[in-house]
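Please look over the chain shown here before reading on.

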Amino acid sequence: MPRPIEALIHADALAHNLARARAAAPGARVFAVVKANAYGHGIERAYPGLRGADGFALLDLAEAERIRALGWRGPVLLLEGCFEARDLELCSRLDLWHAVSHEAQIDWLAAHKTHRPHHVFLKLNSGMNRLGFRPEAYRAAWARLDALPQVGEIALMTHFADADAPGGIEQPLAAFAAATQGLPGERSLANSAATLRHGRAPEVAGDWVRAGILCYGGVPDYPEHDSAHWGLRPAMTLRASVLAVQALRPGDAVGYGSTFTAAEPMRIGVVACGYADGYPRHCGTDAPVLVDGVRTRLVGRVSMDMLTVDLGPVPAARAGSEVTLWGQGPGGAVLPIDEVARCAGTIGYELMCALAQRVPTRVVGGAGM
């Protein structure tokens, strides 16, 4: 039989979370962000739950081709724009919108031969200091684009570095307002954190919000808020089974390095999941886990293919019992991925993206929301 581990992608949860994005920013249209293979969920697997979006946003041309191959005919935005001049040819063929964030991208457009003007998103560097034109150079970049016959609509875009923190959008919002004052075009400012926290403000929501981690049930401002606060549902469940049960005596150690020693008699379950499956090695004793829907904890060190859990709170557990590493468990129990990630000193985004290819993955649930 196959090794007892799998990941589930919940189409109904994706659709629910997309609806939460709409409710949080009722005046805006929603880009569902599917970069990094839909945050590890798989673009093809996530699409049924997210096809109610107004558009998709992603990073590279291969991802854009996959979205078009699924039958999507609406807007597709390349968040980092083109990486070389010849990328514009595929943008024309696939009817892609693309970001413009530096002078070379304008040069490429000026030399590009096309029968269809391009729809571009001119990006402002409002303090993130990654991509985008600085405020003092923004209007000149807009003027260059506006003069090109190769360019049709020019949307105006920025990205918040600190939208998950109190007061984190005030300065960049003011910089965006000043740089774009009087310029025509749709606006796109808000990522997941800004959408959830400030999306009811029209100047933040703009015309398009970019819903990334929130679509997948991750919380951008965890631990200040959790998924229940924002009404989000886990879109990915990683689950496995107990392979065997060990009875420990006081003084018995568990796993590599003997990092956990039993202080009293206890039962532990050996689980078919390890860091080669994408479970974080830096989780250790006391990281949360569900066994048959009951909350318990890891004990000892995570190894490549196995980890061990305390069965004390689950006396009926045995070989074959279901173990939820994150996501939706039996009986309506939920283990948020953000909580697991915090125990590993990282964020839920990384755990989603790190799900290993060897883990069988399937889509469950309808997407009728």
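**Notes on the chain**

1. Of the 369 residues in the chain, 53% count as buried. Buried means under 20% relative accessible area, exposed means over 50%, and partly exposed lies in between (1.4 Å probe, protein chains only). This is a predicted model: local features need pLDDT of at least 70, side-chain atom pairs count only at pLDDT 80 or more, and totals for chains, interfaces and linings use all residues. Residues are numbered from 1 along each chain as its sequence is written, and side-chain values use heavy atoms, with hydrogens and water left out.

2. The chain has 13 helices and 19 strands. Both are DSSP runs numbered from the N terminus: helices are H or I with at least four residues, strands are E with at least two. Along the principal axes, the C-alpha atoms fill a box of roughly 80 × 45 × 40 Å.

3. Now the contacts, meaning heavy atoms within 4.5 Å. Take those between residues at least 6 apart in sequence: 65% of them join residues at least 24 apart.

4. Start with one residue. Alanine 15 sits in helix α1 (residues 11-24). Is alanine 15 buried or exposed? Alanine 15 is buried, because its relative accessible area is 6%. Between alanine 15 and alanine 287 there are 29 Å in space, C-alpha to C-alpha, and the two are 272 residues apart in sequence.

5. Next, helix α3 (residues 43-50). Its buried residues are Ile43, Ala46, Tyr47, Gly49 and Leu50. What do the buried residues of α3 pack against? Their partners are α1, β2 (29-33), α2 (35-39), β3 (55-58) and α4.

6. Two packed helices are described by the angle between their axes and the distance between the axes. Axes here are lines fitted to C-alpha atoms, for helices over the stretch in contact, and angles run from 0 to 180 degrees between N-to-C directions. The axes of α3 and α4 come within 10 Å and cross at roughly 50°. The two helices are therefore oblique to each other. The cut-offs are these: under 35 degrees is roughly parallel, over 145 roughly antiparallel, 65 to 115 roughly perpendicular, and the rest oblique.

7. α3 passes α4 in a right-handed crossing. A crossing is right-handed if the near helix is turned clockwise from the far one by less than a right angle, and left-handed if anticlockwise. Ile43, Glu44 and Tyr47 in α3 meet Glu63, Arg66 and Ile67 in α4. By class, this contact has three nonpolar, no polar and three charged residues. Ala, Val, Leu, Ile, Met, Phe, Trp, Tyr, Cys and Pro count as nonpolar; Asp, Glu, Lys and Arg count as charged; the others, Gly among them, count as polar.

8. Now pair helix α4 (residues 61-69) with helix α5 (residues 87-94). Their axes come within 11 Å and cross at roughly 15°. That makes α4 roughly parallel to α5. The crossing of α4 past α5 is left-handed. From α4, Leu61, Glu65 and Arg68 meet Asp87, Leu90, Cys91, Arg93 and Leu94 in α5. The contact has four nonpolar, no polar and four charged residues.

9. Turn to charge. Side chains of opposite charge can pair when their charged atoms come close. How many salt bridges does the structure hold? There are 19 salt bridges. Each is a side-chain nitrogen of Lys or Arg within 4 Å of a carboxyl oxygen of Asp or Glu.

10. One of them joins the side chains of glutamate 6 and arginine 362 (2.9 Å, N to O). Glutamate 6 lies in strand β1 (residues 5-10) and arginine 362 in strand β19 (residues 361-364), so the pair ties together parts that are 356 residues apart in sequence. Glutamate 6 is buried, at 17% relative accessible area. Arginine 362 counts as partly exposed, at 40%.

11. Another salt bridge pairs arginine 144 with glutamate 103, the closest N and O atoms being 2.6 Å apart. The pair links distant parts of the chain: arginine 144 is in helix α7 (residues 135-146) and glutamate 103 in helix α6 (residues 103-111), 41 residues apart. Arginine 144 is partly exposed, at 33% relative accessibility. Glutamate 103 is partly exposed too, at 38%.

12. Aspartate 252 and arginine 249 also meet through their side chains in a salt bridge (3.8 Å, N to O). Arginine 249 is exposed, at 60% relative accessibility, while aspartate 252 is partly exposed, at 22%. Elsewhere, salt bridges that share partners join Arg3, Asp277, Asp305 and Arg358 into one network.
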